[in-house]
Amino acid sequence: MDVDAVNKFSSLHAKPNGLILQYGTAGFRTKAYHLDHVMYRMGLLAVLRSKQTKSTIGVMVTASHNPEEDNGVKLIDPLGEMLAPSWEEHATHLANAEEQDIQAVLAEISHREAVNLQQKAMIVIGRDTRPSSEKLSQSVIDGVSVLGGQYHDYGLVTTPQLHYLVCCQNTNGQYGKATIEGYYQKLSKAFVELTKQTFRSGDEYRALKIDCASGIGALKLKEMECYLPRELSLHLFNDGTKGKLNHLCGADFVKSHQKPPLGIEVKPNERCCSFDGDADRIIYYYNDADGRFHLIDGDKIATLISSFLKELLSEVGENLKIGIVQTAYANGSSTRYLEEVMKVPVHFTKTGVKHLHHKAQEFDIGIYFEANGHGTVLFSKAAEMKIRQLAKEETDGKKRKAAVMLENVIDLINQTVGDAISDMLLIEAILALKGLSVQQWDAIYTDLPNRQLKVKVADRQVIDTTDAERRAVTPLGLQEVIDDLVKKYRFSRAFVRPSGTEDVVRVYAEADSQGRSLGRGQGSLSVPHICL
Ligand code: G16
C-alpha cells in the first residue's frame, strides 16, 4: 500500500465533519454533495474485496428510486449478488473513519479478512444518469487507482446490467458475454425463442407504453430495440430528454401514489409499465373503461411468473421445489392466493433484495418480488442442469417443448438481481403465450386496499423491528398502539419500519376497504401518537 498516495488522495476526498452514514438497504444513499468521500472509500474497499475473492467486483453509482439530488453507491459481489453482510460492516466503518485513520482501517479489514495485498484487483464501475454521478464515479476510480487496482468504467448502465457484467466476468463468460451487447443478445435471443410460436410476422403489434422515470432505462431500451422482434412495440415516455429523474414518475411514484405518472397518457385498457431511476424495478398498470386506475405490482408479477413456471414444470414432469419470497409489504390477498390457490410455499424476509435473494437460493426455483416491483427468479445449479438436459435429450415432444421454454426463461431472466428490462420481457412473453390481457392478469385476485406513507422523524433508528419487520420492538408501546388499531378492522394489517434508503419512517396499512386501510372511522392508522 502506498501510504503517501493514500494520505494525499484521502485529503482530496475529505469527509464532511460529523457526518455518519450507514450501508443501508441498498448501499449508501444521501444527498449527492455528501458522498464524494464515500465514493472514494468504496473504491478502496472494492479493491480489498476483489483481492480477497480473487474476482471482479462491481461499484454502481446510483440512488435508484431516490430524488435526483440524492446519490448512492452499491458494491456488487462476484456472482453479481449484493455485497456480503460482513463487508457491509467494513463499508460503514471505512466510510465513517476519520481521515487520519483510513490506513489503519484498511489494514484492519485486510487483516480480519485475510486479504492478500499482492493479489491483483479488478473493479467494474457503472453509473446512472444523475447529474452528480459522473463526478462521483471519478472519485470511485481515484480510490481504486490509489490502491493499484485495475478498472473498467462502463459509464452509463442500468444497475442490473452492471450486476450481469460482474457475473459474466467471474464465470468466464459462462453466464453471458461481458459486454452490454452481450446482455442485449442473451436476453433478446431468449425472448425471441420463447415467443416464436406466438409472435409471427404480420401479427398485430403488441404495444406497451413504458414510463422510464426520466432515467437510464430509456437509453438502454433504445439501444436494445433493434435486437427485439418488431411485433413488440415499445413506446417510451419520460425518456430523460426533459424532466427530473423520478419526479412525479417512475415505479416508486406509481406504486406509492397509486396513480399514473406524469408525462404519459394512459388510454382505457392500455397496458403500461414504469421503471425506476436505475431500471431495477418495474410496475404495470392500466386505466379501465371507467377511468379507474389499476396497479399491477410486484406481487401480481410474482403470481404471473410462478403460475407460468408451475405449469411448465408439471408438463416437464419434474418435481422441482418452487419457493416464493415476499416482504411485509406483500398484499395479504397475494399471499393468500399463492398459498391457498396455487399451493406454493411463501416465505418472508426483511425489505431489501439482498435478503430476498438469499432466501430464494434455498429452492430449486426461488421466485422473489417485493411489492414495489423489485425481483427476479433464481434457478439452482442442479435445477438448471436438469432443465437444460431435458431440453436437449427428452424424447417426449410435449415434455421437451416445456423444458425448452424453461431453458429460455432461465436465459431471459437476470438471475443476479431484479431487472426491469428482463422482467418486462418475461412478463410480455408470458402474457403473449397465455393470451392474457392486462385486465385478465389483474383479475387473478383482488388486492386488499392499502396505503403507504413516509413520515419524517428526528431519528428513524429509534424504531427497531422483528418478524421480518412486521412488528416493532422499539419504541416501547408503539406495537401495542398499532395492534389496538388493527384489530378494529377486517383483514387489516399495519406496520412501521425505518427506511434504509431515505431519511424517513415508512408506514404501511391494508384492510378490506380503502377507508379502513386509511384508518377512517374509529381511530387512525396513519401515524400513531408515539414520540419518535
Ligand atoms: C432499494 C432496495 C429495495 C428496497 C427499496 C426501499 O430499492 O434495493 O430492495 O425495497 O430500496 O428500501 P427502504 O424501504 O429500506 O428505503 P432501489 O430500487 O431504490 O435500489
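This briefing describes the ligand site, the pockets and cavities, the annotated regions and some backbone details of the structure.

The model is predicted: local features need pLDDT of at least 70, side-chain atom pairs count only at pLDDT 80 or more, and totals for chains, interfaces and linings use all residues. Residues are numbered from 1 along each chain as its sequence is written, and side-chain values use heavy atoms, with hydrogens and water left out.

**Ligand surroundings**

- There are 20 residues around the ligand, of which Thr25, His65, Glu370, Ser499 and Thr501 come nearest; a residue counts as near if one of its heavy atoms lies within 4 Å.
- The shell around the ligand has two nonpolar, 10 polar and eight charged residues (Ala, Val, Leu, Ile, Met, Phe, Trp, Tyr, Cys and Pro count as nonpolar, Asp, Glu, Lys and Arg as charged, and the others, Gly among them, as polar).
- Histidine 65 has a side-chain N or O atom 2.4 Å from an oxygen atom of the ligand, and glutamate 370 places a polar side-chain atom 2.5 Å from a ligand oxygen atom.
- A polar backbone atom of glycine 500 is 2.7 Å from an oxygen atom of the ligand.
- A polar contact is a pair of N or O atoms within 3.5 Å; within protein, one must be able to donate a hydrogen and the other to accept it, and residues adjacent in sequence count only if both atoms are side-chain atoms.

**Pocket and cavities**

- The largest pocket holds about 1100 Å³ of space (on a 1 Å grid over the protein atoms alone, a pocket is an open set of points with protein on both sides within 12 Å along at least five of seven lines, whereas a cavity is a set where a 1.4 Å probe fits but cannot get out; lining residues have an atom within 4 Å of a point).
- Grid points are joined across faces, edges and corners, and a volume is the space filled by probe spheres set on the points.
- The lining of the largest pocket has 41 residues, and Gly24, Arg460, Gln461, Ser499 and Gly500 lie nearest the pocket centre.
- By class, this lining divides into 10 nonpolar, 17 polar and 14 charged residues.
- Helix H3 gives the largest share of the lining, five residues; elements that each supply at least two residues include strand S1 (28–31) and helix H12 (353–360).
- Helices (H or I, at least four residues) and strands (E, at least two) are DSSP runs, numbered from the N terminus.
- The structure holds two cavities of 30 Å³ or more.
- About 30 Å³ of space lies in the second largest cavity, whose lining includes Tyr23, Thr25, Lys74 and Glu88.

**Annotated regions**

- An unreviewed UniProt entry places a "binding site" feature at positions including Glu370, Asn372, Ser499 and Arg506; such annotations use the numbering given here, with shortened feature names, and may be inferred rather than shown by experiment.
- Of the annotated residues, Arg497, Pro498, Ser499, Gly500 and Thr501 are included in the lining of the largest pocket.
- Asparagine 372 is found in the loop between strand S13 (365–369) and strand S14 (375–379).

**Backbone details**

- Threonine 474 and proline 475 are joined by a cis peptide bond, with omega about -5 degrees.
- Asparagine 172 is not a glycine, yet has a positive phi of about 50 degrees.
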